[in-house]
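Here is a friendly note to read with the viewer open. Take the points one at a time and find each place in the structure as you go.

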Amino acid sequence: MTLLRASIAILLPALLLVVGGTAAGAILTVRMSLHAPGAGAGLFEPGSVSLSSWASMGDAHHRGIVLTTILTGLGVSLLSTAIGALLAMLAAPFAGLRFMGVMVLILAPRLSGVLASLFGLQRLLPRGWIGSLIAETWLLVPYSTLILVIALRGIDPHLVPAARGLGASRWQVLRWIIWPLSLPAVALTLQLGWVWGFGAFLGPLFLGGPDQSTLAVEIHHEAFDLGRWPRAAAEGVVLMVLTASAMAAGSWRPRP
Amino acid sequence: MPVDGLRLEEISFHFDTAPTLAGVSLKVPAGAFVSILGPSGCGKTTLVKIVAGYLKPLAGRVLLHGTDITNAPPGKRNTGMVFQNLALFPHMSARGNVAFGLEARGLPSSEIRQRVEAMLDQVGLKPDERNRQPGNLSGGQQQRVALGRALVIQPSLLMLDEPLSNLDSHLRDQMRGLIRQVQRDTGVTTMMVTHDPEEAMAMSDLIAVMNQGTIVEVGTGRDLYQRPRSAFVARFLGLANIVDGSVIGHRPGSSLLVRPECLVINGEGVPFAGIGKVINSEFFGADVLVTVALGNIQMLVRGRPNIMPQPGTEVRVSAMPGTIHELPADGES
């Protein structure tokens, strides 16, 4: 019990910060979305209550943005997991300095700085949804790879020789041993991928076309270019609901 | 000429510069149970990995029932292996683990079901334990699954890499009997790696003692224990009194071996040998181990637990007739 209490005491400030910070942010965003837009330079009309910002959420423009956001989330999730899995399978068998070397190469996109990477990608890739999808995947792949490498290296190294010795082919080993044992990590990278992809901002900003805006880019545009904070907040609430739904769907497991 | 079950010809291997195996040769008759016995780092696990196909020898050949399998991949050798940590697939049930090798071979599901159940019966895993994953099985039950998984494919050679090292002594005795029984029932040629001489002697038809990458002696447990050809083997297989000397009429410069249980303290009807002083007595339940100083030589004597001479007392120590063995002069290692 003493250990449990000590653990709770250590974790409590972090828990309060995360829960409190998230809840406060969410409440403020919802509140902001219910204000009337401000006239002139004002961000919103203090004391006002209005659903005008919400009225536009169902129009064709916003439906397109939500669809692009969802497709980006799913695309980033699938691509980063698939590429991460391939890189993890390449890196996992190495040991010592070789492993460190391979991991430095895999983590290079994060080591070189986000903006430097994106400026580079801007020169290489066409502008549009595909470009922004590749850019976001490029940014996420190091994290997905790390998770999957850790999962693969956590598998008992005797299992593959045991399976091979029993006559299993490489494909059977992958399907019957590696895949099921790394499934929790694959589920985690998929979830990370779509949460990351739904919030995609830099990739669409640098490489996205004018008609392939995501919710995060649109929020930035409404708030900072047009000064319509209640509308940006309404879009923020839509993004929150979308992300929370995706996380809930990703956490669902069928009853055994 | 009968074909050997397993035949190793001049197997050599090294990891870095120092040789791990230096020209190891061994013949194991078909259906025999051989133990590779040796201290840690002597190369015994490397040898079993070469036989299983997980390592390729730098020189030499591995023949299984007359077929050269030196370059065959592990899955094409038709060998079964029980790993030291068992290496059971943690996400599969006991049944799934045992069925694995048969499924990999693409056998019909009805045949797989029948063979798996028969094998689980043979290794003594109860029906209500068969759908459990390894994490929900005890050490002994896991051992049974590992043995069943290795045997269900009807291997030409069964390999056991220190299979009992993680079990407590009671369970070890049980599993020792089970492994031997199943091996006799199936008649499979078996190679076990162990560092435990008692385990090797209790289970094996033949023991190959290894040291520093070579096989130093091969024989039955009884021969190696009672009539070893070197002091190393004598000491590795059990407590030994080795003193300089030779049998009258033999070449001088050799040593004499007498096991502690072949010496008697104050025995009647046994030829007199010498009087010494007790230095230490240790009680082990079934017997006592007494250290006696005979002049400047210390001798270990294993006796009955009801006779436990106190340190400082004078005792008469004698050897039972025919129990002194002369070690060859060039047998020291």
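What percentage of the 256 residues of chain A count as buried?

1. **Burial in chain A.** The answer is 34% of the 256 residues of chain A. Please keep in mind that this is a predicted model. Seen through its C-alpha atoms, chain A fills a box of roughly 75 × 55 × 35 Å along the principal axes.

2. **Confidence in chain A.** Chain A has a mean pLDDT of 88, and 97% of its residues reach 70 or more. Among its elements, the lowest mean pLDDT, 83, belongs to helix 5 of chain A (residues 114–124). The highest, 94, belongs to helix 7 of chain A (residues 159–165). A word of care for your reading: where pLDDT is low, the predicted coordinates should not be read in detail.

3. **What chain A is built from.** Chain A contains eleven helices and zero strands. Of the contacts in chain A with a separation of 6 or more, 71% are between residues 24 or more positions apart.

4. Look for A:Arg110 in helix 4 of chain A (residues 96–111). Is A:Arg110 buried, exposed or partly exposed? A:Arg110 has 15 other C-beta atoms within 10 Å, so it counts as partly exposed. A:Arg110 and A:Leu140 are 30 residues apart along the chain, and their C-alpha atoms are separated by 8.8 Å.

5. **A pair of helices in chain A.** Two packed helices are described by the angle between their axes and the distance between the axes. For helix 8 (residues 170–198) and helix 11 (residues 229–251) of chain A, the axes come within 10 Å and cross at roughly 170°. Angles over 145 degrees count as roughly antiparallel, and helix 8 and helix 11 of chain A are therefore roughly antiparallel to each other. From helix 8 of chain A, the contact includes A:Leu190, A:Trp194 and A:Phe198. From helix 11 of chain A, the residues in contact include A:Leu239, A:Leu242 and A:Met247. By class, this contact has eight nonpolar, three polar and no charged residues.

6. **Where the chains meet.** How many residues does each chain give to the contact? Chain B gives 16 residues and chain A gives 15 residues. On the side of chain B that touches chain A, the elements giving two or more residues are strand 6 (79–82) and helix 2 (94–104) of chain B. Helix 2 of chain B provides the largest share of that side, three residues. The side of chain B that touches chain A has ten nonpolar, five polar and one charged residues.

7. **An open sheet in chain B.** Three strands of chain B make an open sheet in the order 11-12-18, with antiparallel pairing. Strand 11 (241–244) and strand 18 (325–327) of chain B stand at the edges with a single partner strand each, so one side of each is left without a neighbour in the sheet. From one strand to the next, the twist averages 30°. Strand 11 of chain B is joined to strand 12 of chain B (residues 255–258) by four bridges. In this pairing, B:Asp244 has B:Ser255 as its bridge partner.

8. **A hairpin in chain B.** Strand 15 (residues 288–294) and strand 16 (residues 297–303) of chain B pair in the antiparallel sense over seven bridges. Across this pairing, B:Val292 stands opposite B:Met299. The two strands form a hairpin with two residues between them, and B:Gly295 in the turn has a positive phi of about 65°.

9. **Two backbone angles to check.** Most residues other than glycine have a negative phi. B:Asn78, although not a glycine, has a positive phi of about 55°. B:Asn78 lies in the loop between strand 5 (67–68) and strand 6 of chain B. Phi of B:Ala87 is also positive, near 55°, and this residue is in the loop between strand 6 and helix 2 of chain B. Which burial class does B:Ala87 fall into? B:Ala87 counts as buried because it has 23 C-beta neighbours inside 10 Å, whereas B:Asn78 is partly exposed, with 17 other C-beta atoms within 10 Å.

Key
Residues numbered from 1 in each chain as written. Chains lettered and ligands numbered in written order. Predicted model: local features only at pLDDT ≥ 70, side-chain atom pairs only at ≥ 80, totals over all residues. Contact = placed C-beta atoms within 7 Å. Nonpolar A, V, L, I, M, F, W, Y, C, P; charged D, E, K, R; others polar. pLDDT = per-residue confidence, 0-100. Buried ≥ 20, exposed ≤ 12 C-beta atoms within 10 Å, placed from the backbone. Pairing = 2+ DSSP bridges. Axes fitted to C-alpha atoms, helices over the stretch in contact; angles between N-to-C directions. Parallel < 35°, antiparallel > 145°, perpendicular 65-115°, else oblique.
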